[in-house]
Amino acid sequence: MTAVLLAAAGIAAAAPLALLLWANRTLVAVDVVGHSMEPAFHHGDRVLVRRVPAKRLRVGDVAVLGRPDTGDLRDLALIMGSVPPWVVKRVAALPGDPVPASVPARGGTVPPGHLVVLGDNTGHSTDSRVWGPVPDGRVLGVVLRRMTSPRTPAA
């Protein structure tokens with residue numbers, strides 16, 4: 001009977017640890033920098049991101065990607081003093097989809113291994129309209145939800 005109780009206690013202790021290890025490898029918090037995703041997300045919001053491969057993304061998902069070359073974000077670097085390690089953008093097209101008219105491309109469809117991402121606030125977004133289709137290897141994951149409430153304007 002003691003062995004059964006010890007085994008049950010061991011399982012009860014191991015389950016939260018396993019959950020914590022899974023979450024640590026699967027979920028990550030990312031800060032939104034800039035105004036390109038307004039009104040969905042605002043500068044300073046923190047979002048919960050589930051790590052997923054690019055092949056699991058769908059059009060309309062909000063994805064987090066490794067930043068493109070710093071030169072592509074030079075305006076943000078001038079304004080903010082640095083370039084964030086991640087960019088948050090909405091998936092507009094996947095491999096084989098037609099390239100949106102606003103995105104310069106060398107063909108009519110998104111090439112394999114790439115995706116087109118756009119900011120919701122198109123007037124204030126550096127995205128595939130500047131970069132062109134981005135390599136899918138830059139995908140960190142998909143935004144699950146906002147972790148902090150949106151910032152309210154100062155009175």
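This is a predicted model: local features need pLDDT of at least 70, side-chain atom pairs count only at pLDDT 80 or more; totals for chains, interfaces and linings use all residues.
Q: Why is L144 called partly exposed?
A: The relative accessibility of L144 is 40%. Buried requires under 20% and exposed over 50%, with partly exposed in between; L144 therefore counts as partly exposed.

Q: What makes L27, L48 and R50 contacts of L144?
A: A contact means heavy atoms within 4.5 Å. L144 touches L27, L48 and R50, with residues up to four places away in sequence not counted.

Q: How many residues along the chain lie between the positions of L144 and A63, and what separates their C-alpha atoms?
A: L144 and A63 are 81 residues apart along the chain, and their C-alpha atoms are separated by 9.4 Å.

Q: What makes R50, K55, R56 and R58 a patch of positive charge?
A: Lys and Arg count as positive, and like charges are joined within 9 Å when the residues have over 30% relative accessible area and no salt bridge. R50, K55, R56 and R58 gather in such a patch on the surface. One of them, R58, lies in the loop between β2 (46-51) and β3 (62-66).

Q: What is the secondary structure of the chain, and which pattern does the chain follow?
A: The secondary structure comes to three helices and seven strands. Along the sequence, the pattern reads α-β-β-β-α-β-β-α-β-β.

Q: What share of the chain is called buried?
A: With buried meaning under 20% relative accessible area, buried residues make up 32% of the 155 residues.

How values were computed
Residues are numbered from 1 along each chain as its sequence is written. Side-chain values use heavy atoms; hydrogens and water are left out. Buried means under 20% relative accessible area, exposed over 50%, partly exposed in between (1.4 Å probe, protein chains only). Patches are made of residues with over 30% relative accessible area and no salt bridge: like charges are joined within 9 Å, nonpolar side chains (Val, Leu, Ile, Met, Phe, Trp, Tyr) within 5 Å. Accessible areas come from the Shrake-Rupley method with a 1.4 Å probe; for residues, only the protein chains shown count as cover. A salt bridge is a side-chain nitrogen of Lys or Arg within 4 Å of a carboxyl oxygen of Asp or Glu. The place of a charge is taken as NZ of Lys, CZ of Arg, CG of Asp or CD of Glu. Helices (H or I, at least four residues) and strands (E, at least two) are DSSP runs, numbered from the N terminus.
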